[in-house]
Amino acid sequence: MRTNFVRLTTALASRFQPENQAEMYRAQMKSKIRGRTEQIPVLGQDIKRLVRLAYPSAPMEVRDYLARDCFIDSLNDADMEWAIFQAKAKNIDNAIQVALEIPVTGLSVWQPKSQRWAAMHHSSDGFWLMGPGVFEKPVHPSAHTPLKMKLTAANGVVIEDQITQMANEVVIHGTGKQFPLDPSLPRP
């Protein structure tokens, strides 16, 4: 019985863990480029996996260094790469954090009736404001229609997202927190 188990595990290892498998993962690691819609944390996790498989016996600090460099190279965005370099990220987790902290510089809200994006502007106290121009009031929450938004980062990356639940009478702070609208404020 023991002999059969050893032979089976040896056969499985030779089939699914051939010697050149690490070389294949190294090639995948070196050719990795971030997809247009690929989220940064997902990219980071994929690179961590590839580095772990490509260099299974390397010390942890070497794998961290390799993963960080691979992550930076895979971004395919010179501004984001420069921001990570300037931040002196020591490992891939630091690099991911820096990449996620690039500020939003533009915000547009989808106007379903007129089928257009309407730009919002940022106030000095951290709020995004509608205007100038005509803005359609967001759809009533009972309609279960998400509020579509387009965010532009300082490095030019544009992300479309949506708020699935929002009361009609709220103010959204730049941090994403929703506050009840103060009824004493002037109305347009």
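Which residues is Arg-63 in contact with, leaving aside its neighbours within four places in sequence? I looked, counting contact as heavy atoms within 4.5 Å, and found Val-51, Arg-52, Tyr-55, Pro-56 and Ala-58.

Before going on, I noted that this is a predicted model, where local features need pLDDT of at least 70, side-chain atom pairs count only at pLDDT 80 or more, and totals for chains, interfaces and linings use all residues. Residues are numbered from 1 along each chain as its sequence is written, and side-chain values use heavy atoms, with hydrogens and water left out.

Arg-63 sits in helix H4 (helices are DSSP runs of H or I, at least four residues, numbered from the N terminus). Arg-63 is buried but has no salt bridge. Buried means under 20% relative accessible area with a 1.4 Å probe, protein chains only, and a salt bridge needs a side-chain nitrogen of Lys or Arg within 4 Å of a carboxyl oxygen of Asp or Glu. The nearest side chain of opposite charge, Asp-64, is 6.7 Å away.

Next I checked Arg-34, in the loop between H2 (21-31) and H3 (40-54). Arg-34 counts as buried because its relative accessibility is 16%. A polar atom of the Arg-34 side chain lies 2.9 Å from the backbone oxygen of Glu-38.

Then I turned to the largest nonpolar core, which has 25 residues. Such a core is a set of buried Ala, Val, Leu, Ile, Met, Phe, Trp, Tyr and Cys residues joined through side-chain atoms within 4.5 Å. Met-80 and Ile-47 are among those with the most contacts inside it.

Notes. Helix = DSSP H or I, 4+ residues; strand = E, 2+ residues; numbered from the N terminus. Buried < 20%, exposed > 50% of the residue type's maximum accessible area, 1.4 Å probe, protein only. Polar contact = N/O pair within 3.5 Å; in protein donor to acceptor, adjacent residues only side chain to side chain. Lys, Arg positive; Asp, Glu negative; His and termini not counted.
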